Amino acid sequence: MRKILKIEERFYRVLMFLATTFIGTALFVILFSILRTGLPHLSWEMLSEIPHGGYYFGKSGGIFNAIVGSVYLSLGSSLIAFLVGLPIAMFINIHLIRHTKFVAVIRFLLDLLWGVPSIVYGAFGFTIMVFFGMRTSLMAGIITVSLFILPIIVRAMDEVLRNVPKGLLESSLSLGSTNSEIAYVVYFKQCLPGIITAWLLAFGRAIGDAASILFTTGYTDYVPHALNEPAATLPLAIFFQLSSPIPEVRERAYAASAILIFIVLTVSVISRILGCKYNKNKINF
Amino acid sequence: MHNSVIDIEHLNLYYGKQHILKDINISIPAKKITVILGPSGCGKTTLLRSLNRLTELDASVKMSGKIFLNGQDLLSSKEDVTTIRKKMGLLAQRPYPLPMSIYNNVAYGLRISGRRKKKFLNNRVEYYLRQTNLWEEVKDRLKEPAATLSIGQQQRLCLARGLAVDPQIILADEPTSALDPHSSRMIEEKFAELKSNYTIVLVTHILRQARNIADHVIFMYMGQVVEQADARDFFDNPQEQQTKAYLQGQFY
C-alpha cells in the first residue's frame, strides 16, 4: 500500500514536471526565434521613423507609426474598458449580492462574450461604422477593441472581487456605509493589485489583437494626429511584413514582434510595481 | 422590570424551507450585557444578525414578526437601513479590519458621516483608540496598515472603529473565538466598562464567558428561546429542564 502511494506521488510529480517544462520550453523557443531573427534588424531608424517609400520592399524607414498607433489604441481602449468595467464588476458583487441567480446569468453571458472571436467584434464594429457613415479611424478601433476586451476585464475583476470575504462587506455595512462607499473605498483598496492585473490582462489582449482592428482602424504610413484618422498598429504591421515575398521584410516582422513584446513587458513591470506599492493595505484573510 | 431597548415579538425566520428562528419573544435591557447562549447551530448568530438586518443580504431568508428598537419596528420601518445599522456596532467572530491604515480604520466611520475636519478626526481617533486600550500600542504607527496588527489588536481596532460611529448598541458575535486568552480577557473587561454607555448583545457558547460578564441571559436551543432571565437567576436557579442540562454540561 505504502509503495503504491509512493509510485503515485512520483507519477504526478513527473507529470507536473513535464507539463511545466513543456510550457517553459515553448515560451523560450518562441522568444528565442523572435529575438534571433528580429534583433539584427532592430535599429533606431526602425523605432523612430515612419515607413519611407518602398519600405515594404526592403527600403529604408521604420514602424514608428505602428508603435504609436498600437500604444494609442490599447491605452485608449483599456482605459474605456476599465472605466465601464469596474462599475459593472462592483455592481454585480456588491449591489446585486442578494440576486445570486441573476448574477450567475450575467457571469455566463460575459463568459460567452469572452469566447467570441475578435474578428466577430471587428465585423460588428465595421457594421456600426457603416451605419453611422464613419471611415476607418483610431476612434472606431478604440471602441471596437473596448467592446472586445470589456468581458475580459469585467470577469477578471469580478473574480478578484468575489474573493473578498463576506465578513468585510458585513463589517462595512455595520459601520453604516452605503454600497457605493463599500465599492469604491473598501473593495477598491482591498482589490487594487488584482484590479491592476485585470487591466493588464485587457491591455495585453488589446495590443496583441489584429482581427478586430483590421476593418475598423485601417492602416496608414503616417502617425495619427486625431481620433478620426486611421492608424497603423503593430500586429497588422507584423502581418503585412510577414506576407511579403522578400526575406528581409519578413525578418523585419520579427523585429516588430520584439518591439510588441517589449512594450507588453514594460507595461507588465510597471503595473506589477504599482500593484506591489498598493498591496500594503490589503488584508490577507 | 427592565428599561428595554430592543423588544422582539413573534420573530420567525426561514432560510429557504428551513425554519431557523421559531417564534422569538425577547427583550434586551438598556445599558446591560445581554448574553445569547446556546449550543452551536441553535440560531443565536442568526438572531443577532437579524437585529441589524444583515440577514437581508441573503435572498432566501424570509422574516416575519416585529423587532422594536426604541419602540420603532425595524422590519417595517421606512427608515434607511444604513441609519439603522449605524445605531448598532458589530464585532464579528474574527476581526475584519478595513484595507487601510490604523488611523483611517477609526476615521472611516466618522468620514462617511460627513465629519472631515482634521483636528476633530485626530481627536476622536485618539479617544476611541484609548477607549480600547490600543493607543499606547499604536500611537507611533497610526499610518501603518491595519494588517500589521496582531489578531487581538485587530479585534480591538474593530471595536474602536465601531464605537467611532457612536452606536447605541454593540452586537458581538463570539468576538473572542479567534483570540488568545489575554486578548479575550481584554475584550471582556472592555465590555464590562462599556456597558455604562452602551447596550451590549453578546453571542457566545463559552459558559465561562457568559458567567463572567452577563447581566441578562437568553438561552436558545434548536431555534427557540428556552429561557431568559437575569444572569443571577439564570445560573443559580434555572427554570427549564434543558437549561439545567446545558449548564451541567450534558450537551454543548
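Student: In what order do the four strands of the open sheet in chain B come?
Tutor: The order is E2-E1-E4-E5, with antiparallel pairing. Strands pair if DSSP finds at least two bridges between them. Strands (E, at least two residues) and helices (H or I, at least four) are DSSP runs, numbered from the N terminus.

Student: Before we go on, what kind of model is this, and how are things numbered?
Tutor: This is a predicted model, where local features need pLDDT of at least 70, side-chain atom pairs count only at pLDDT 80 or more, and totals for chains, interfaces and linings use all residues. Residues are numbered from 1 along each chain as its sequence is written, while chains are lettered from A and ligands numbered from 1 in the order in which they are written.

Student: How many bridges join E1(B) to E2(B)?
Tutor: Eight bridges link strand E1 (residues 4-15) of chain B to E2(B), and the two run antiparallel. Within that pair, Leu11(B) has Ile24(B) as its bridge partner.

Student: What does the domain assignment give for chain B?
Tutor: Domain 1 is 1-87 + 168-252 and domain 2 is 99-166; such bounds come from an automatic or database domain assignment. The C-alpha centres of domain 1 and domain 2 of chain B are 27 Å apart.

Student: And how many residues are in contact between those two domains of chain B?
Tutor: Ten residues of domain 1 of chain B are in contact with nine residues of domain 2 of chain B, contact being C-beta atoms, placed from the backbone, within 7 Å. On the domain 1 side, helix H7 (residues 181-194) of chain B gives the largest share, four residues.

Student: How many residues of chain B are in contact with chain A?
Tutor: 26 residues of chain B are in contact with 24 residues of chain A. On the chain B side, helix H2 (81-86), strand E6 (88-91), helix H3 (102-112) and helix H6 (151-164) each supply at least two residues.

Student: Which residues touch the most other members in the largest nonpolar core?
Tutor: Ile153(A) and Met157(A), out of 133 residues. Helix H6 (residues 138-162) of chain A gives the most to this core, with 16 residues. A nonpolar core is a set of buried Ala, Val, Leu, Ile, Met, Phe, Trp, Tyr and Cys residues joined through C-beta atoms within 7 Å.

Student: What is Met157(A) in contact with, leaving aside neighbours within four places in sequence?
Tutor: Gly85(A), Leu86(A), Ala89(A), Ile195(A) and Ala198(A).

Student: What about H1(A), how many of its 37 residues are buried?
Tutor: One, so to speak a hardly covered helix.

Student: Last one: is Asn284(A) buried or exposed?
Tutor: Asn284(A) is exposed, with 5 other C-beta atoms within 10 Å. Asn284(A) lies in the segment after helix H11 (247-277) of chain A.

Terms used
Buried ≥ 20, exposed ≤ 12 C-beta atoms within 10 Å, placed from the backbone.
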